[in-house]
Amino acid sequence: MPRARGRRRGSHALIHLVLGVGGLIMAFPFLWQIVMSLSTNAEVQSVTPTFWPAHLQWQNYAAVFQRLPFLSQLWTSVLITVIRTVAQIVLCTLAGYAFARMRFRGRAVLLGLVLSILLVPSQAYLISQYQIVQNLGWLNTLAGIVAPGLFSAYGTFLMRTAFLNLPAELEEAARIDGSGPLRTFWSVMLPVVRPSISVLAISAVLWSWNELLWPLVVSTRATQMPLSAALATLAGDVTVNYPVLMAASLLAMAPVLILFILLQRRVIDGLASSGLK
């Protein structure tokens, strides 16, 4: 018994050591970014790496607000993320339910067209999207940035898979009780697929908050840009102030990081329940 306990403790210690080293490796870029944001540009670009600045440069964070209209850009990012997330939850959930549980003419063809979007990189239809937004007069507007992300083929596929995995007895019981399709969807089916909805919301938030190419193309005014596109403007043609850029990046990721910390258990439960790896 003592030998078995000793072996278990040794194996547990080894597992914790490996996990600790792995966690440190994954967290090192983030920690290095913090160090860079508190350093001078000369220390960042020095040939000999400085793992800790001689003097903490807190003014780098103040310089972010001097070089960027940070608060207005933060508000733009929040609006884009909230609108896209709510729209994707509503539209993708309805579409996924229709493709999974309803029978109508042309369903297979329409589903194939929707899923074919996943096979085409978004850069392939960037020009056509830009021309549509330009003809609508939505350049440098919130609507122009938000519009292409209101619907997601990935979200439709995710919710369709979630509804397909539900037993048919749920719908049959709802029909026996006199529920129509909309009532069955809202009161019976939707509560069961909440974990998949959580995964869809997480994916929509991360994708909308971090999207760079489309906002950079469709918005040229600093006050209309989200933070993801605004960070690209800090990189000059000749010189780059890396500490200020790192400080701006940390400030930009702070809202999402705080949201993850507050909803950490829900995020993990949602990912685990949906089977997403």
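This is a predicted model: local features need pLDDT of at least 70, side-chain atom pairs count only at pLDDT 80 or more; totals for chains, interfaces and linings use all residues.
Axes here are lines fitted to C-alpha atoms, for helices over the stretch in contact, and angles run from 0 to 180 degrees between N-to-C directions. Residues are numbered from 1 along each chain as its sequence is written, and side-chain values use heavy atoms, with hydrogens and water left out.

Let's start with H3 and H14. Helices, by the way, are DSSP runs (H or I, at least four residues), numbered from the N terminus, and strands would be E runs of at least two. H3 and H14 pack with their axes 8 Å apart, at an angle of about 85 degrees. That makes H3 roughly perpendicular to H14; the scheme is under 35 degrees for roughly parallel, over 145 for roughly antiparallel, 65 to 115 for roughly perpendicular, and oblique for the rest.

Who meets whom? From H3 we have Asn-60, Tyr-61, Ala-63, Val-64, Phe-65 and Arg-67, and they meet Pro-243, Val-244, Ala-247, Ala-248, Leu-250 and Leu-251 in H14. Contact means heavy atoms within 4.5 Å. By class, this contact of H3 with H14 has 10 nonpolar residues, one polar and one charged. For the classes, Ala, Val, Leu, Ile, Met, Phe, Trp, Tyr, Cys and Pro count as nonpolar, Asp, Glu, Lys and Arg as charged, and the others, Gly among them, as polar.

Buried is under 20% relative accessible area, exposed is over 50%, and partly exposed is in between, with a 1.4 Å probe and protein chains only. This core has 21 residues, and those touching the most other members are Tyr-61, Val-64, Leu-227, Leu-231, Leu-234, Leu-245 and Ala-248. Helix H3 (59–67), helix H13 (227–233) and helix H14 (242–262) are the elements that give two or more residues to it. Which helix supplies the largest share of this core? H14 does, with eight residues.

Setting aside neighbours within four places in sequence, Tyr-61 is in contact with Ser-37, Leu-38, Ala-247, Leu-250 and Leu-251.

Leu-259 is partly exposed, at a relative accessible area of 40%. Between Leu-259 and Thr-233 there are 26 Å in space, C-alpha to C-alpha, and the two are 26 residues apart in sequence.

Next stop, H4. Helix H4 (residues 70–101) packs with helix H5 (residues 107–116) at an angle of about 140 degrees, and their axes are 10 Å apart. That makes H4 oblique to H5. In this pair, Ala-98, Phe-99 and Ala-100 of H4 meet Arg-107, Leu-110, Leu-111 and Val-114 of H5. The residues of that contact are six nonpolar, no polar and one charged.

H4 also packs with helix H8 (residues 153–164), at an angle of about 50 degrees and with axes 7 Å apart. H4 and H8 are therefore oblique to each other. On the H4 side are Cys-92, Thr-93, Ala-95, Gly-96, Tyr-97, Phe-99, Ala-100 and Arg-101, which meet Gly-155, Thr-156, Met-159, Arg-160, Phe-163 and Leu-164 in H8. Their contact divides into eight nonpolar, four polar and two charged residues.

What about the handedness? H4 passes H5 in a left-handed crossing, and H4 passes H8 in a right-handed crossing. Left-handed is used if the near helix is turned anticlockwise from the far one by less than a right angle, and right-handed if clockwise.

Still in H4, we find Leu-91. Is Leu-91 buried or partly exposed? Leu-91 is partly exposed, with a relative accessible area of 39%. Beyond its neighbours within four places in sequence, Leu-91 is in contact with Leu-150 and Phe-151. Leu-91 and Leu-150 are 59 residues apart in sequence and 8.0 Å apart in space, C-alpha to C-alpha.

Asn-140 has a positive phi of about 60 degrees although it is not a glycine, and it is buried, with a relative accessible area of 16%. Thanks, everyone!

Conventions: A nonpolar core is a set of buried Ala, Val, Leu, Ile, Met, Phe, Trp, Tyr and Cys residues joined through side-chain atoms within 4.5 Å.
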